[in-house]
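Have the viewer open as you read.

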Amino acid sequence: MLEKLGKRAVAAPFMLPLLICCILGLAMTPILRAQMNDIPFVVVTLDKGSELPISDVNVGDELVSRLLDGEGLGAIGDDEADSDDDSSSPFGNATIKWVQLNSEEELRDALAANEYYGGIVIPEDFTAQQMRSVTGLGGAPTLKVLVNDAKNPMLAQQMGPNLKSGLLQAGISVDVEEVNAADIGGGTMAPMMAVQLLVMPLFIMTLIGSILLSVVLWPRDGASRRVRVIAFVKQLVVGAILSAFIAFVGTGIDVWFGGLDLPMDRLFPFVWLAVGAIMAAIVFLCDLALPLGALVAITTFALGMSCAMLAPEMLPPFWQEWVYPWVPQHFLGDGVRAIVYLGADALSTQLNYWATLYGIGAVAAVLSIIVPQRAQGEGR
């Protein structure tokens, strides 16, 4: 092998650390540059307002208008308040993309469907509360904030306190309610890191296992079609066993070492299905052309590692538009959250994506069997 490389073999020990640094740099870039942008969040007002001698007042409608127009909160009830002070708050233009719904029931249905990261519910007597507070006859007006743990636990952990702080600065008391919450055990960081600690080792083991499966079992150097068909069958059998083992170990890491309480009866079949799909695509791409399969594996790992943990609205623009929509880590993370937080079945989440990966693997497998191989040393 080294003889084939010739003088390039001398540079290999120096190039490998450089390659590893580049891969890790790409993997860490989205995490280091993460910030919240255009988080879809709902506002619902049930405020009936109050009748005053001069005019009718509805503070809830005023609050909703400020949020939808991107003016910030200002001082509630003060039309002349300077909204520029809210530029760094969670209510600024760039942080939250506000959507108005008509009722709390509609909001809860949308959160159950995992459509939004949460919502604010302004109660019927919000204006009355504000009037009592202004006249010294009551405390600060209170509204309800719902945060959706299932959409992204890490973002939910940030949004709840941030919204509460911003509303308190505007003179509003807050009741925070976690929706689609799940008690998975572990420490205080478990809800934020559980998915990443599951997906990362799973993906690394899958990529290594896939490349080794091709290198060890796939014949090269002019093998006949019959030999390649036999090798393909062997890869299917070994791949099914290896993917089950990887799924078992990967989920077991969170349970055994992380002390997490996860629904293994639904989580393991989903992870096995996902690992099998990723493995099918990588293995048969490597069979077709080993450099191609290895390049796809390394690129997918480097670009997609942050997409399991971070919400798409927290990713840099390049990752949002060009990476997040197709990398397997995104679909693995969404599937795990759907099972753990929403109680989804193993075979009811992300099936179209995994079927696509199996399809890519099938096409690559057919091509690797029917395309004639060039024997080693054969002239061009």
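At what angle do the axes of helix α7 and helix α10 cross, and within what distance do they come? First, some ground rules: this is a predicted model, where local features need pLDDT of at least 70 and side-chain atom pairs count only at pLDDT 80 or more, while totals for chains, interfaces and linings use all residues. Residues are numbered from 1 along each chain as its sequence is written, and side-chain values use heavy atoms, with hydrogens and water left out.

Now the helices. The axes of α7 (residues 190–217) and α10 (residues 290–304) cross at roughly 175° and come within 11 Å. That makes α7 roughly antiparallel to α10 (angles over 145 degrees count as such; axes are lines fitted to C-alpha atoms over the stretch in contact, with angles running from 0 to 180 degrees between N-to-C directions). Helices here are DSSP runs of H or I with at least four residues, and strands are E runs of at least two, numbered from the N terminus. On the α7 side, the contact (heavy atoms within 4.5 Å) is made by Phe203, Ile204, Leu207, Ile211 and Val215; α10 brings Leu290, Ala294, Ala297, Thr300 and Phe301.

Next, the cores. A nonpolar core is a set of buried Ala, Val, Leu, Ile, Met, Phe, Trp, Tyr and Cys residues joined through side-chain atoms within 4.5 Å, and buried means under 20% relative accessible area, exposed over 50%, partly exposed in between (1.4 Å probe, protein chains only). The largest one has 51 residues, with Phe270, Ile278 and Trp354 having the most contacts inside it. Helices that each supply at least two of its residues include α7, α10 and α9 (264–288), and α9 gives the largest share, 15 residues. Apart from this core lies another, of 37 residues, among them Phe41, Ile96, Val147 and Met154.

Glutamine 129 is buried, at a relative accessible area of 13%. The buried residues of α5 are Phe126, Thr127, Gln129 and Gln130. They cover an arc of only 160° around the axis, so they sit on the same side of α5 (the arc is that of the directions from the helix axis to the C-beta atoms). Among their packing partners is strand β3, where aspartate 56 lies. Aspartate 56, by contrast, is exposed at 60%.

Terms used:
Parallel < 35°, antiparallel > 145°, perpendicular 65-115°, else oblique.
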